[in-house]
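Hello,

Here is the structure we talked about handing over. My notes on it follow below.

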Amino acid sequence: MAKNALRAVLAENLRAYRAREQLSQDTFAAHCEVHRTYVGSVERCERNVTLGTLELFAKAMGVSVPVLLTKGGVK
């Protein structure tokens, strides 16, 4: 797997979820209790996230961490 492949999958799944739920980065960030700029930087593949942050994202989205890191896992 390419170096940034998992970051790209995570970014794609976050954007897909937000689009489906019609959530802004700001609103999604509030659900996850992180700053909105953090969500934006994750979606631009600029950050490596911690396992704790993956858990926050997955819980807010109602999916498991493995689903969050699977291409097309969030539709």
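Subject of the notes: cysteines, backbone and packing

Cys 32 is buried, with a relative accessible area of 1%. Keep in mind throughout that this is a predicted model.

I began with the cysteines. How many disulfides does a search of the whole structure find? The search finds zero. For Cys 32, the closest cysteine sulfur is that of Cys 45, and the separation of 17 Å is too far for a bond. A disulfide would need the two sulfur atoms within 2.5 Å. Cys 45 is partly exposed, its relative accessible area being 27%, whereas Cys 32 is buried.

Cys 45 also stands out in its backbone. Its phi is positive, at about 60°, although Cys 45 is not a glycine. Cys 45 sits in the loop that joins H3 to helix H4, the latter covering 51-61. Glu 33 is a second case: its phi is near 60°, again a positive value in a residue other than glycine. As background, most residues other than glycine have a negative phi. Where does Glu 33 lie? It is in the loop between helix H2 (25-32) and helix H3 (36-43). Glu 33 is exposed, with a relative accessible area of 72%.

Now the overall fold. The chain holds five helices and zero strands, and read from the N terminus its elements run α-α-α-α-α. The radius of gyration is 11 Å, close to the 11 Å that the globule rule gives for 75 residues, so the chain is as compact as a globular protein of that length. Along its principal axes, the C-alpha trace spans about 30 × 20 × 20 Å.

Of the 75 residues in the chain, 33% are buried. Among contacts between residues at least 6 apart in sequence, 55% join residues at least 24 apart.

Leu 10 gives one view of the packing. This residue belongs to helix H1, which covers residues 5-21, and Leu 10 is buried, with a relative accessible area of 4%. Which residues does Leu 10 touch, not counting those up to four places away in sequence? They are Val 42, Val 49, Leu 54, Phe 57, Leu 68 and Leu 69. Of these, Val 42 falls within helix H3 (36-43), while Leu 54 and Phe 57 fall within helix H4 (51-61).

Thr 37 is placed in helix H3 and is partly exposed, with a relative accessible area of 42%. The C-alpha atoms of Thr 37 and Asp 26 are 8.1 Å apart, and the two residues are 11 apart along the chain.

Last, the surface and the charges. The chain exposes about 4600 Å², and carbon and sulfur atoms supply 53% of that area. There are 11 positive and 7 negative side chains in the chain. The centres of these two sets lie 6 Å apart.

Regards

Definitions and conventions:
Residues numbered from 1 in each chain as written. Predicted model: local features only at pLDDT ≥ 70, side-chain atom pairs only at ≥ 80, totals over all residues. Heavy atoms only, no water. Helix = DSSP H or I, 4+ residues; strand = E, 2+ residues; numbered from the N terminus. Rg over C-alpha atoms; globule rule 2.2 N^0.38 Å. Buried < 20%, exposed > 50% of the residue type's maximum accessible area, 1.4 Å probe, protein only. Contact = heavy atoms within 4.5 Å. Areas by Shrake-Rupley, 256 points an atom, 1.4 Å probe, with all protein chains shown as cover. Lys, Arg positive; Asp, Glu negative; His and termini not counted. Charge placed at Lys NZ, Arg CZ, Asp CG, Glu CD.
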